[in-house]
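Hello,

Here is the structure I promised to hand over. Please open it first, then read my notes below.

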Amino acid sequence: MPKETAAVIEQIARQYDHDPTRLMDVARAVHGRLGHLSELSIGLIAQSLGIHRAQVRDMVSFYAFFSRSPQGKNVIRVCTAVVERMQGADELIEAFEKELGVFLGETTEDGKITLEKASCIGLSDQAPSVLVNGIALTSLQPEDVPGIVAAIRAGEEIDTLPQARVRKNLRQSGPILLGPYDSGDALRKAIRKSPAEIIIELYASQVRGCGGAGFPTAAKWEKCRVSEGSAHYVICNADEGEPGTFKDRVILMDNPELMFDGMTIAGYTIGAEEGMIYLRGEYDYLRGDLERALANHRQLGLLGRNICGLEGFNFDIRIQAAAGAYICGEESALIESLEGKRGAPRDRPPFPVEKGYKEQPTLVNNVETFCCAARILENGGEWFSRLGTVESKGTKLLSISGDCQLPGVYEVEYGITVEKLLRQVGAEDAQAVQIGGPSGSCIGPKDFSRRIAFEDLATGGSIIIFGPGRDLLEYMYQFGEFFAEESCGWCVPCRVGTTLLLKEMRAVLDGHATHTELQAMQKLCGTIKTMSQCGLGQTAPNPILSTLKQFPELYEARLQSGDYFPRLDLAKAVRAGCASAGREMVQLEPHASNGNGKPCDPDPTPKSEGVQR
């Protein structure tokens with residue numbers, strides 16, 4: 001067996017030229033062939049790539065899709081994001097557990113099926129959903145489970161199941177991101193300009209990065225272009241992992257050519273010959289179609305050498321599949337992952353545009369931003385700048401999910417009010433709207449007249465709607481669970497703070513907290529936001545802080561009076577302990593002592609409970 005394992009790993013490593021920066025690809029391939037990454041495999045991978053075993057182990061232990069112990073031949077991952085739980089994910093898990101006879105995290109006795117959970121798989125508009133061996137099954141009901149399990153056990157092809165349908169769910173297309181487009185149009189127009197002229201066009205458009213931070217795109221491209229290095233790189237961040245976000249999925253399915261051209265224009269502008277699409281592991285089912293689209297692009301002369309007949313203009317794109325880590329949506333963590341490491345954010349400066357991938361100047365934009373850049377070079381910066389608001393130009397793709405009649409993807413012009421958006425999607429009775437996913441803000445009806453724009457309500461694209469009757473604070477707690485689970489663990493304020501925050505929030509939800517403790521929780525939120533290294537920790541308290549501001553009455557209704565309220569119900573805990581240990585409760589005589597060492601006289605106070613051994 002060790003010889004066979006060594007042969008498999010050597011063959012895979014050779015496919016990647018024994019390049020240690022391709023560790024992610026090697027680990028994915030080995031995991032796919034052997035079902036897990038054992039200590040033996042880790043050691044052989046390290047030997048084959050010429051790196052230390054600890055580096056491989058460190059990387060493998062970080063990502064959700066890698067297992068170091070044997071798994072079932074088939075792996076079912078049930079999405080447990082907030083919207084999925086609103087739509088019945090908990091009941092779906094119960095159905096799978098009952099049908100398989102195992103709990104989450106376990107493998108069936110015959111070794112055929114492992115049941116796991118996933119934080120988010122980008123299908124909140126078609127929830128609840130699961131991934132089976134990377135293939136998405138959507139809009140499931142508990143009654144679907146027996147048939148799915150039977151099909152898996154029978155060895156049927158998963159993608160032939162009736163539930164294996166990922167819909168684009170495009171509800172409204174606009175003129176920029178999802179309008180008609182002929183491959184290469186933007187690119188041919190772009191190369192008639194010099195790189196400096198392209199940047200001037202981007203400045204004229206006033207386009208900003210569409211990931212949520214909104215950094216001016218022209219300034220980013222210009223800085224990367226003038227940064228010195230032996231090579232320059234272009235990276236497309238296709239790792240949208242914010243729960244409730246799935247807009248990039250639609251572009252990747254509907255119009256990837258626009259994104260390819262945007263990346264190629266970027267390569268021409270900054271002087272890069274290599275581009276990479278960092279594709280989230282949960283979207284692996286899209287990879288085949290994307291590879292075919294790239295091949296077609298090469299055949300059209302839009303990628304490769306001497307692109308569009310321009311001698312010396314060489315640029316190509318490869319896809320880097322990820323392995324399940326939300327933090328890798330942060331650009332420096334993404335670069336670390338691309339280099340075959342755990343996805344921990346880097347200290348900045350230097351910024352990636354100066355020292356990024358392989359310590360060289362690197363331009364990182366998301367899918368939507370590259371599409372905008374292509375459209376700007378196709379139609380002009382002035383055309384683009386006429387759309388939107390004063391500080392937010394163009395359009396925005398929004399992923400709408402939760403309690404609404406028409407969930408899906410909408411391309412809207414910046415400046416649309418939340419109120420108008422709710423009418424469009426059929427959610428006029430919304431209790432609250434989460435703008436920008438868990439890291440964004442939760443607003444109530446009094447703020448529904450506000451606008452989706454960087455100068456008002458900024459968002460990377462996620463819009464989650466909570467209807468009347470939902471326990472809003474319970475979902476804020478679930479957002480907190482997401483952050484605590486997805487923290488990379490690098491810095492203490494985030495790693496420990498998010499867990500402490502969960503504990504405090506649970507006390508509020510259970511009615512065991514006081515006003516004093518609520519104030520302490522707010523201070524903890526401030527510490528986490530201020531002291532965390534990257535955006536995950538800096539935004540993790542947002543669900544709590546925004547609901548405290550918008551819905552203080554929901555917290556007030558659950559608080560106890562006074563400065564202290566015991567969080568432990570001792571009598572309940574003793575009863576539970578007795579039940580667990582199989583012991584019987586007995587009634588003890590009250591007050592063996594009156595406090596001065598003398599026996600107490602019997603009195604009428606209630607009797608306490610004790611344990612019968």
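The cover over the buried residues of helix H22 includes strand S13 (441-443) and the helices H18 (472-486), H19, H20 (515-531), H21 (535-539) and H23 (552-556). Keep in mind that this is a predicted model. H22 itself spans residues 542-550 and is mostly covered, with seven of its nine residues buried. Those seven are Asn-542, Pro-543, Ile-544, Ser-546, Thr-547, Leu-548 and Gln-550.

H19, one of the covering helices, also carries a surface feature. Val-492, Val-496 and Leu-500 make a nonpolar surface patch of about 220 Å². Val-496 sits in H19, which runs over residues 492-509. Its relative accessible area is 34%, so Val-496 is partly exposed. As for the spacing, an α-helix has 3.6 residues a turn, so residues three or four places apart point the same way.

Now the domains. The assignment gives five entries: domain 1 (1-61), domain 2 (75-160), domain 3 (170-386), domain 4 (396-466) and domain 5 (472-557). The centres of domain 2 and domain 3, taken over C-alpha atoms, are 33 Å apart. Eleven residues of domain 2 are in contact with eleven residues of domain 3.

Next, the nonpolar cores. The largest has 60 residues. Trp-221, Ile-265, Ile-277 and Phe-315 have the most contacts inside it. Leaving out residues up to four places away in sequence, Phe-315 touches Val-234, Met-263, Thr-264, Gly-267, Ala-272, Glu-273, Glu-274, Gly-275, Leu-303, Gly-304 and Ile-307. Another core, of 48 residues, lies apart from the largest one. Ile-12, Ala-13, Tyr-233 and Ala-333 are among its members.

Last, some backbone details to check. Most residues other than glycine have a negative phi, and most peptide bonds are trans. Here are the exceptions I noted.

- The peptide bond from Ala-127 to Pro-128 is cis, with omega near -5°. Pro-128 lies in the loop between strand S2 (113-118) and strand S3 (130-132).
- The bond from Arg-348 to Pro-349 is also cis, with omega near -5°. Pro-349 is in the loop between helix H14 (331-338) and strand S9 (362-366).
- Lys-358 is found in that loop between H14 and S9 too. Its phi is positive, near 55°. At 34% relative accessibility, Lys-358 is partly exposed.
- Asp-17 has a positive phi as well, near 55°. Its place is the loop between helix H1 (2-15) and helix H2 (23-34). Asp-17 counts as exposed because its relative accessibility is 65%, over the 50% cut-off.

Best wishes

How values were computed. Residues numbered from 1 in each chain as written. Predicted model: local features only at pLDDT ≥ 70, side-chain atom pairs only at ≥ 80, totals over all residues. Heavy atoms only, no water. Core = buried A, V, L, I, M, F, W, Y, C linked by side-chain atoms within 4.5 Å. Buried < 20%, exposed > 50% of the residue type's maximum accessible area, 1.4 Å probe, protein only. Contact = heavy atoms within 4.5 Å. Patch = residues over 30% accessible without salt bridge, like charges linked within 9 Å, V, L, I, M, F, W, Y side chains within 5 Å. Areas by Shrake-Rupley, 256 points an atom, 1.4 Å probe, with all protein chains shown as cover. Salt bridge = Lys/Arg side-chain N within 4 Å of Asp/Glu carboxyl O. Helix = DSSP H or I, 4+ residues; strand = E, 2+ residues; numbered from the N terminus. Domains from an automatic or database assignment.
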